[in-house]
Amino acid sequence: MLSPRAQKIKPSPTLAIDSRAKAMKASGIDVINFGVGEPDFDTPDNIKEAACRAIRDGFTKYTAVGGIDPLKDAIIGKFQKDNNLAYKREEIVVSCGAKHSLYNIAQALYGPGDEVIIPSPYWVSYPDQVLLNDAKPVFVKTVESDSFMVRPEALEACITKNTKALILNSPSNPTGMLYDKKTLEKIAELAVKHNFYVISDEIYEKLVYDGVTHVSIASLGEEVRAKTIVVNGLSKSHAMTGWRLGYAAGPSDVIKAMTNIQSQSTSNPNSMTQKAAVEALNGPQEFIITMRDEFDRRRKFVVTELNTIPGMSCIMPNGAFYAFPNTAKIYGARFGDKTISSSTDLALYLLEEAKVALVHGEAFGDDNYVRISYATSMDDIRKGLERIRQALQNLEIRK
Ligand SMILES: *Cc1c(COP(=O)(O)O)cnc(C)c1O
């Protein structure tokens, strides 16, 4: 008999589509994959070389659980330079990916009776990490016309005496939107006034466009800094998803608890990866600009094209590498004896008919959208969007 905890959670909902797409690909079908959540760039050579050097030098043993000091110092330097935030080593813990950092936070903070506010659409792991720790996710809907930012009044209406934390993600996966400083200031005020934690997932910090600036909510004053745990990592900024390295910064009591939890589960993050991470943070950063400029080019193309496809409309995201088109007008359309009445139906239709894989918005808590990742080649983007257009032209769509 499995534990009640294990019975409460579901596998990542993106899996159904993904495994189907992979099976199709394996059987020789040419599927265009807009489902991926990782950069299509290779990790820069200087970073790879730092890891090779670590192996040759025999840096292959256990390290300090929460990360080696040179890496903590590199992270401290990054916070100072990018976010104007001053942290000490005891306020930093390095983990096996930002997802692991978020999980450690969940273990350290959430328990029975706690409520954790999650603006929707949300990243798929947030609700399940809350459930895994016997706490309750409380969803607050955000809308396209607010650029998918949570309204402070809507947030305040969800707050109870059991509110333990709010999970913020800016720039956002799946919407690609970024919080502005004014909204963050209002959210910070609420966190201080009602005494809850802010978990700020800033993994897409480096991927912002149109000259907008990313603001970390922790930088908006001492009081909110004391209630904020900032999560970041190298997966997206340095194309290092497979290396597994993320980190968190926050009040030392929370960081200490996270480190203890880590000491009883994974121990230290991979030793060679830590050396590579020091190089990633302290070495040349031009790679990020090159990658960002390429994403920017694709972003403009994808969004412009999507807005010419009947039934779809898409606002221009200013961060991450996702477009999040509204597909509600397509629902009700028929093909053969079937009706497309949800984002899941639409995703399955596009996979079967157009051989294009994308993620249904339902997975992120909003059925009126689908997520298209443009972390794939321009050739594939052109081909994939043309296929979507063709497939939708075969449908009868409401005006
Ligand atoms: C990719 C991603 C993460 C996790 O990244 P790691 O590979 O675990 O470092 C966390 N949050 C969001 C929103 C992401 O998209």
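The lining of the second largest pocket comprises, by class, five nonpolar, six polar and six charged residues, where Ala, Val, Leu, Ile, Met, Phe, Trp, Tyr, Cys and Pro count as nonpolar, Asp, Glu, Lys and Arg as charged, and the others, Gly among them, as polar. The model is predicted, with local features needing pLDDT of at least 70 and side-chain atom pairs counting only at pLDDT 80 or more, while totals for chains, interfaces and linings use all residues. Residues are numbered from 1 along each chain as its sequence is written, and side-chain values use heavy atoms, with hydrogens and water left out.

Residues from both domain 1 (4-42 + 287-393) and domain 2 (61-282) contribute to the lining of the second largest pocket, which therefore lies between them; the domain bounds come from an automatic or database domain assignment. At least two lining residues are supplied by each of α4 (69-83) and α12 (286-306), helices being DSSP runs (H or I, at least four residues) numbered from the N terminus.

Around the ligand, the shell holds five nonpolar, four polar and four charged residues. Of these 13 residues, Ala 98, Asp 201, Tyr 204, Ser 235 and Lys 236 come nearest, a residue being near if one of its heavy atoms lies within 4 Å of the molecule.
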